[in-house]
Amino acid sequence: MGEKRSGDISKDLDNLKLTNEMDAPAFKDFAKEMIDYVTNYLENIRDRRVLPTVEPGYLRPMLPASAPQQPDQWQDVMADIERVIMPGVTHWHSPRFHAYFPTANSYPAIVADILSDSIACIGFSWIASPACTELEVIVLDWLGKMLDLPQDFLASSGGKGGGVIQGTASEATLVALLGAKARTVARIKKEHPEMKESDIIGKLVGYCSSQSHSSVERAGLLGGVRMRSLLPDAGNKLQGATLEQAIKEDIAAGLFPFYAVCTLGTTSSCTFDNLEDLGPVCNANNIWLHVDAAYAGSAFICPEYRYLMKGIDRADSFNFNPHKWMLVNFDCSAMWLKDPTWLVNAFNVDPLYLKHDQQGSAPDYRHWQIPLGRRFRSLKLWFVLRLYGIENLQKHIRKHIMLAKHFESLVRSDDRFEITQEVLMGLVCFRAKGSNESNESLLKKINGRGVIHMVPSKIGDCYFLRMAVCSKYTEIEDIELSWKEVKAAADEEFTTNGH
Ligand SMILES: Cc1ncc(COP(=O)(O)O)c(C=O)c1O
């Protein structure tokens with residue numbers, strides 16, 4: 001076969017021109033329409049049923065069996081949002097959504113994501129997009145200062161420390177565990193040069209509370225190390241003495257304690273482990289202390305809640321999710337490390353195609369995380385910090401806590417109910433006095449009425465209901481309506497069942 005002439009190639013390329021591709025004017029129309037739709041959706045979210053009523057598999061009959069051969073019109077896509085998507089959406093930003101913990105949402109963060117998706121860079125190294133790395137370093141410093149984190153976590157202190165945006169708190173827990181593993185293996189190798197690395201790893205043991213998030217146990221599984229789950233005290237807090245005892249037992253059994261997780265704001269009941277106590281125990285035993293404040297960490301931007309993070313100076317890494325409670329849309333999990341070199345060294349594979357001339361003068365964040373690729377996530381944090389300002393973010397936190405306390409007082413005013421955990425943040429844990437079964441049935445009724453949505457939890461043998469203040473649109477009237485719903489369901493439950 002002879003070579004193709006350029007005329008032939010042009011013809012071939014002509015045939016490969018995309019047909020009816022969205023052009024710039026259509027993009028503007030589509031995007032404007034979407035912004036109108038989104039604004040209308042969010043401003044009127046209260047009017048939607050919070051939990052959908054669809055059955056599994058609802059969507060398949062509503063969509064064609066295969067993707068279209070030729071492009072659809074954007075107007076058709078737009079029309080399908082209300083027709084096929086919204087019936088299957090759980091409205092996490094409805095003031096009537098009280099399940100789990102909040103996930104954040106705000107206009108500045110949404111707009112920042114448009115920009116991030118348009119720049120669409122992959123910021124795995126400094127040179128891959130210098131602004132992506134440099135803005136992340138700076139805004140994590142801003143945020144660290146907002147929380148009054150110790151200087152040695154901050155890049156601006158000129159030491160080794162610094163911050164990074166992970167996708168989730170689960171990733172942060174795993175990354176910290178891997179750093180801890182690298183640090184301890186290096187130390188034990190020095191102390192016991194005769195030991196094989198695999199034998200050292202087989203003897204590593206990490207610690208958490210039985211109230212830690214399930215992602216901590218999972219980090220142990222993913223990291224190939226043993227994690228020991230310790231019992232918290234009667235108030236559900238992990239205490240230093242419990243950790244100390246476990247360490248003693250494990251050292252006596254020939255194991256190497258290497259990692260501990262302290263949770264500030266547990267998922268079940270928003271309880272705070274005794275960080276002040278755990279820190280010195282970890283430091284004295286060369287144990288990497290990771291602090292998981294996924295939800296409650298946002299509250300530390302308010303000075304009055306920082307007593308709950310007392311002892312943070314003893315930690316090696318600290319993490320919280322601005323994407324939970326600080327108005328930055330998912331995903332934005334802020335993590336600080338005092339000495340990231342353990343991660344950088346542990347994860348350092350350096351192929352030629354990723355090398356660059358400036359290596360070492362700014363972080364190459366690929367070494368601080370599990371994946372290679374990373375989005376320009378610092379933009380949304382930057383937009384939120386600038387367009388709200390610290391004072392408004394503090395007001396947002398304080399308002400949610402005040403609303404939770406109002407709900408608590410309503411619960412306390414009805415002697416059929418009891419509060420099961422001190423209300424410190426935007427979560428109220430409560431139950432009807434009586435059996436777990438009657439509370440399970442009560443929750444079914446509450447959710448079945450279709451107005452509000454809550455999930456339960458259980459600590460030990462005690463089943464309880466969780467009312468999390470989640471939406472940034474929540475007002476006192478919403479909380480009172482949610483309480484009315486609980487009371488109405490209780491009236492039904494207790495009349496029907498003759499309590
Ligand atoms: C204390 C705690 N840690 C970790 C997580 C997991 O968060 P992520 O979804 O960011 O991994 C949660 C989730 O609610 C949590 O409450």
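**Entry 1: helices, strands and ground rules**

I began with how elements are named: helices (H or I, at least four residues) and strands (E, at least two) are DSSP runs, numbered from the N terminus. By that naming, Leu13 belongs to helix α1, which covers residues 6–15. I noted that this is a predicted model, in which local features need pLDDT of at least 70 and side-chain atom pairs count only at pLDDT 80 or more, while totals for chains, interfaces and linings use all residues. I also noted that residues are numbered from 1 along each chain as its sequence is written, and that side-chain values use heavy atoms, with hydrogens and water left out.

**Entry 2: a patch on the surface**

Leu13 has 52% relative accessibility, so it counts as exposed. Together with Ile9 and Leu16, Leu13 makes a nonpolar surface patch of about 310 Å². Patches are made of residues with over 30% relative accessible area and no salt bridge; like charges are joined within 9 Å, and nonpolar side chains (Val, Leu, Ile, Met, Phe, Trp, Tyr) within 5 Å. The areas come from the Shrake-Rupley method with a 1.4 Å probe, and for residues only the protein chains shown count as cover.

**Entry 3: around the ligand**

Which residues are the closest to the ligand? I found 14 residues surrounding the ligand, the closest being Ala169, Ser170, Thr267, Asp292 and Asn321; a residue is near a molecule or strand if one of its heavy atoms lies within 4 Å of it. I then looked for polar contacts, meaning pairs of N or O atoms within 3.5 Å; within protein, one must be able to donate a hydrogen and the other to accept it, and residues adjacent in sequence count only if both atoms are side-chain atoms. A polar backbone atom of Ala169 is 2.8 Å from an oxygen atom of the ligand, and a polar side-chain atom of Asn321 lies 2.9 Å from an oxygen atom of the ligand. With Asp292, an N or O atom in the side chain is 2.6 Å from a nitrogen atom of the ligand. Taken alone, the ligand exposes 400 Å², and the protein buries 87% of that. The elements giving two or more residues to the shell around the ligand are α6 (169–191) and α11 (322–325). I sorted the shell residues into 3 nonpolar, 9 polar and 2 charged, where Ala, Val, Leu, Ile, Met, Phe, Trp, Tyr, Cys and Pro count as nonpolar, Asp, Glu, Lys and Arg as charged, and the others, Gly among them, as polar.

**Entry 4: salt bridges**

Side chains of opposite charge can pair when their charged atoms come close. How many salt bridges does the structure hold? I noted 29 salt bridges, each being a side-chain nitrogen of Lys or Arg within 4 Å of a carboxyl oxygen of Asp or Glu.

I looked at Glu136 and Arg374, whose salt bridge has its closest N and O atoms 2.8 Å apart. This pair links distant parts of the chain, with Glu136 in helix α5 and Arg374 in the loop between α12 (341–346) and α13 (378–412), 238 residues apart. Are Glu136 and Arg374 buried or exposed? Both Glu136 and Arg374 are buried, and Glu136 has a relative accessible area of 0%.

I next took Glu82 and Arg48, a salt bridge with the closest N and O atoms 2.7 Å apart. Glu82 is in helix α3 (residues 74–85) and Arg48 in the loop between α2 (24–43) and α3, 34 residues apart. Glu82 is partly exposed at 36% relative accessible area, and Arg48 is partly exposed at 25%.

I also recorded a network of salt bridges linking Asp113, Asp117, Asp331, Arg375, Arg377 and Lys380.

Most residues other than glycine have a negative phi, and most peptide bonds are trans. I found a cis peptide bond joining Phe330 and Asp331, with omega about 5 degrees; Asp331 lies in the loop between α11 and β7 (333–337). Leu327 is in the loop between α11 and β7 and has a positive phi, near 70 degrees. Leu327 has 3% relative accessibility, so it counts as buried. Tyr100, in the loop between α3 and α4 (107–119), has a positive phi near 50 degrees and is partly exposed at 42% relative accessibility.

Technical notes:
Buried < 20%, exposed > 50% of the residue type's maximum accessible area, 1.4 Å probe, protein only.
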